[in-house]
Amino acid sequence: MSAGKSIFSRIIAGEIPCHRVFENAHVLAFLDIHPLAPGHTLVVPKREVDLLDQLTPEEIGAVARVLGPLARRIVQVTGAAGYNILQNNGVAAGQEVRHVHFHIIPRRVGDGLGYRWNARESGPDDLAALAAKIAAEASIGGGA
Ligand code: AMP
(Lines give C-alpha, C1' and ligand atoms only; values in the text may rest on other atoms or scores of the structure.)
Protein backbone atom coordinates (compact mmCIF):
# COMPACT_ATOMS: atom_id res chain seq x y z
CA MET A 1 0.00 0.00 0.00
CA SER A 2 1.20 3.51 -0.74
CA ALA A 3 2.03 5.93 2.02
CA GLY A 4 -0.40 8.83 1.77
CA LYS A 5 -2.83 9.66 -0.96
CA SER A 6 -1.56 9.43 -4.51
CA ILE A 7 -2.31 12.08 -7.11
CA PHE A 8 -4.57 9.53 -8.79
CA SER A 9 -6.53 8.98 -5.56
CA ARG A 10 -6.98 12.74 -5.39
CA ILE A 11 -8.26 12.72 -8.96
CA ILE A 12 -10.61 9.83 -8.11
CA ALA A 13 -11.86 11.78 -5.07
CA GLY A 14 -12.54 14.80 -7.29
CA GLU A 15 -9.96 16.96 -5.50
CA ILE A 16 -7.92 17.40 -8.69
CA PRO A 17 -9.51 17.74 -12.14
CA CYS A 18 -8.96 15.30 -14.97
CA HIS A 19 -10.21 14.69 -18.48
CA ARG A 20 -12.32 11.63 -17.70
CA VAL A 21 -13.12 9.18 -20.47
CA PHE A 22 -14.64 6.30 -18.45
CA GLU A 23 -15.71 5.53 -14.89
CA ASN A 24 -17.42 2.71 -13.05
CA ALA A 25 -17.44 1.53 -9.43
CA HIS A 26 -13.90 0.09 -9.61
CA VAL A 27 -12.05 1.94 -12.34
CA LEU A 28 -11.41 5.50 -13.55
CA ALA A 29 -9.84 6.28 -16.93
CA PHE A 30 -8.65 9.73 -17.94
CA LEU A 31 -6.31 11.38 -20.42
CA ASP A 32 -2.62 11.50 -19.49
CA ILE A 33 -1.62 15.09 -18.81
CA HIS A 34 1.63 14.61 -20.76
CA PRO A 35 0.45 12.42 -23.65
CA LEU A 36 2.88 10.40 -25.74
CA ALA A 37 0.23 10.53 -28.47
CA PRO A 38 -3.26 12.03 -28.80
CA GLY A 39 -5.63 9.85 -26.77
CA HIS A 40 -2.95 8.56 -24.35
CA THR A 41 -5.13 7.35 -21.50
CA LEU A 42 -4.51 6.09 -17.96
CA VAL A 43 -6.74 3.35 -16.56
CA VAL A 44 -6.63 3.34 -12.77
CA PRO A 45 -8.21 1.01 -10.21
CA LYS A 46 -9.95 3.10 -7.57
CA ARG A 47 -8.34 1.34 -4.60
CA GLU A 48 -4.84 2.69 -4.20
CA VAL A 49 -2.00 0.18 -4.19
CA ASP A 50 1.48 0.65 -5.62
CA LEU A 51 1.86 -2.42 -7.78
CA LEU A 52 -0.12 -4.73 -10.04
CA ASP A 53 0.55 -7.77 -7.84
CA GLN A 54 -1.07 -6.03 -4.86
CA LEU A 55 -4.46 -5.89 -6.57
CA THR A 56 -7.02 -8.59 -5.87
CA PRO A 57 -8.02 -10.85 -8.79
CA GLU A 58 -11.40 -9.07 -8.76
CA GLU A 59 -9.74 -5.66 -9.08
CA ILE A 60 -7.49 -6.86 -11.89
CA GLY A 61 -10.57 -8.33 -13.53
CA ALA A 62 -12.38 -5.01 -13.29
CA VAL A 63 -9.47 -3.29 -15.09
CA ALA A 64 -9.09 -6.07 -17.65
CA ARG A 65 -12.76 -5.91 -18.57
CA VAL A 66 -12.54 -2.27 -19.64
CA LEU A 67 -9.03 -2.16 -21.16
CA GLY A 68 -9.95 -3.74 -24.48
CA PRO A 69 -13.17 -1.82 -25.13
CA LEU A 70 -11.51 1.44 -24.08
CA ALA A 71 -8.50 0.83 -26.32
CA ARG A 72 -10.80 0.03 -29.25
CA ARG A 73 -12.78 3.21 -28.64
CA ILE A 74 -9.63 5.35 -28.38
CA VAL A 75 -8.26 3.91 -31.62
CA GLN A 76 -11.61 4.59 -33.29
CA VAL A 77 -11.78 8.21 -32.08
CA THR A 78 -8.13 9.12 -32.75
CA GLY A 79 -7.75 7.22 -36.01
CA ALA A 80 -4.70 5.42 -34.65
CA ALA A 81 -3.45 2.22 -36.26
CA GLY A 82 -2.68 0.32 -33.05
CA TYR A 83 -1.92 0.79 -29.41
CA ASN A 84 0.50 -0.18 -26.66
CA ILE A 85 -0.61 -1.16 -23.17
CA LEU A 86 2.15 -0.06 -20.81
CA GLN A 87 2.20 -0.85 -17.12
CA ASN A 88 5.19 0.09 -14.95
CA ASN A 89 5.77 -1.46 -11.54
CA GLY A 90 8.38 0.10 -9.26
CA VAL A 91 10.89 2.91 -9.70
CA ALA A 92 13.33 0.57 -11.46
CA ALA A 93 10.64 -0.06 -14.08
CA GLY A 94 9.97 3.63 -14.63
CA GLN A 95 6.91 4.01 -12.42
CA GLU A 96 6.51 7.62 -11.33
CA VAL A 97 3.06 7.58 -9.75
CA ARG A 98 2.80 5.03 -6.95
CA HIS A 99 -0.77 4.04 -7.69
CA VAL A 100 -1.06 1.14 -10.09
CA HIS A 101 -2.20 2.21 -13.56
CA PHE A 102 -2.27 1.09 -17.17
CA HIS A 103 -1.31 3.33 -20.07
CA ILE A 104 -3.21 3.01 -23.35
CA ILE A 105 -0.94 4.62 -25.95
CA PRO A 106 -2.39 4.99 -29.46
CA ARG A 107 0.16 4.24 -32.17
CA ARG A 108 0.68 5.05 -35.85
CA VAL A 109 3.26 3.66 -38.23
CA GLY A 110 6.21 6.06 -38.25
CA ASP A 111 5.01 8.04 -35.22
CA GLY A 112 8.59 8.10 -33.92
CA LEU A 113 7.71 6.92 -30.41
CA GLY A 114 9.72 3.71 -30.69
CA TYR A 115 9.36 0.74 -28.36
CA ARG A 116 12.21 -1.71 -28.87
CA TRP A 117 14.31 -2.61 -25.82
CA ASN A 118 17.71 -4.20 -25.83
CA ALA A 119 17.13 -7.95 -25.59
CA ARG A 120 19.80 -10.10 -23.93
CA GLU A 121 21.23 -13.37 -25.05
CA SER A 122 20.32 -16.35 -22.87
CA GLY A 123 21.23 -19.98 -23.52
CA PRO A 124 18.65 -22.79 -23.47
CA ASP A 125 20.07 -24.19 -20.20
CA ASP A 126 19.70 -20.86 -18.45
CA LEU A 127 16.15 -20.49 -19.78
CA ALA A 128 15.20 -24.02 -18.71
CA ALA A 129 16.65 -23.58 -15.20
CA LEU A 130 14.91 -20.27 -14.69
CA ALA A 131 11.57 -21.52 -16.03
CA ALA A 132 11.73 -24.52 -13.68
CA LYS A 133 12.51 -22.26 -10.72
CA ILE A 134 9.60 -19.93 -11.46
CA ALA A 135 7.20 -22.79 -12.19
CA ALA A 136 8.04 -24.48 -8.86
CA GLU A 137 5.81 -22.03 -6.98
CA ALA A 138 2.52 -23.85 -6.56
CA SER A 139 0.52 -20.98 -5.10
CA ILE A 140 0.20 -18.88 -8.25
CA GLY A 141 -3.13 -20.50 -9.02
CA GLY A 142 -5.36 -18.80 -11.53
CA GLY A 143 -7.55 -21.83 -12.17
CA ALA A 144 -6.97 -24.63 -14.65
P1 AMP B 1 4.25 6.10 -14.79
O2 AMP B 1 5.62 6.54 -15.21
O3 AMP B 1 3.85 4.79 -15.40
O4 AMP B 1 4.06 6.16 -13.29
O5 AMP B 1 3.26 7.16 -15.45
C6 AMP B 1 2.64 8.20 -14.74
C7 AMP B 1 1.86 9.02 -15.74
O8 AMP B 1 0.94 9.83 -15.04
C9 AMP B 1 2.71 9.95 -16.61
O10 AMP B 1 2.52 9.60 -17.98
C11 AMP B 1 2.17 11.33 -16.28
O12 AMP B 1 2.13 12.17 -17.41
C13 AMP B 1 0.78 11.02 -15.76
N14 AMP B 1 0.23 12.01 -14.85
C15 AMP B 1 0.80 12.50 -13.74
N16 AMP B 1 -0.03 13.39 -13.13
C17 AMP B 1 -1.16 13.43 -13.88
C18 AMP B 1 -2.39 14.15 -13.78
N19 AMP B 1 -2.63 15.01 -12.79
N20 AMP B 1 -3.34 13.95 -14.74
C21 AMP B 1 -3.09 13.07 -15.74
N22 AMP B 1 -1.95 12.37 -15.89
C23 AMP B 1 -1.00 12.55 -14.97
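Trp-117 is found in the loop between strand 5 and helix 3 (124-135), where helices (H or I, at least four residues) and strands (E, at least two) are DSSP runs numbered from the N terminus. At 74% relative accessibility, Trp-117 counts as exposed; the cut-offs are under 20% relative accessible area for buried, over 50% for exposed and partly exposed in between, with a 1.4 Å probe and protein chains only. Trp-117 and Val-91 are separated by 26 residues in sequence and by 17 Å in space, C-alpha to C-alpha. The model is a predicted one, in which local features need pLDDT of at least 70 and side-chain atom pairs count only at pLDDT 80 or more, while totals for chains, interfaces and linings use all residues. Residues are numbered from 1 along each chain as its sequence is written, and side-chain values use heavy atoms, with hydrogens and water left out.

Two further exposed residues were examined. Ile-33 lies in the loop between strand 2 and strand 3 (41-45) and has a relative accessible area of 72%. Between Ile-33 and Val-97 there are 64 residues of sequence separation and a C-alpha to C-alpha distance of 13 Å. Ala-135 belongs to helix 3 and is exposed at a relative accessible area of 61%. The C-alpha atoms of Ala-135 and Asp-125 are 15 Å apart, with the two residues ten apart along the chain.

The protein chain as a whole contains three helices and five strands, in the sequence pattern α-β-β-β-α-β-β-α. Its C-alpha atoms fill a box of roughly 50 × 40 × 30 Å along the principal axes. Of its 144 residues, 31% count as buried.

The ligand is surrounded by 16 residues, of which the closest are Asp-32, Glu-96, Val-97, His-101 and His-103; a residue is included if one of its heavy atoms lies within 4 Å of the molecule. A ligand oxygen lies 2.7 Å from a polar backbone atom of Glu-96. For Gly-94, a backbone N or O atom is found 2.9 Å from an oxygen atom of the ligand. Taken alone, the ligand exposes 510 Å², and the protein buries 86% of that; accessible areas come from the Shrake-Rupley method with a 1.4 Å probe, and for residues only the protein chains shown count as cover. Helix 1 and strand 2 are the elements that give two or more residues to the shell around the ligand, and helix 1 gives the most, with three residues.

Gln-87 is located in the loop between strand 4 (82-86) and strand 5 (102-107). Its side chain makes a polar contact of 2.6 Å with the side chain of Asn-89. The side chain of Gln-87 also reaches the backbone oxygen of His-101, at 3.4 Å.

Rings of Phe, Tyr and Trp (its six-membered ring) were paired if their centres lie within 6.5 Å, with planes under 30 degrees apart counted as stacked, over 60 as edge-to-face and the rest as tilted. By this rule there is one aromatic pair. The rings of Phe-8 and Phe-30 have centres 5.5 Å apart and planes at 75°, so the pair is edge-to-face. Because Phe-8 lies in helix 1 (residues 7-12) and Phe-30 in strand 2 (residues 27-31), the pair ties together parts that are 22 residues apart in sequence. Phe-8 and Phe-30 are both buried.

Key
Polar contact = N/O pair within 3.5 Å; in protein donor to acceptor, adjacent residues only side chain to side chain.
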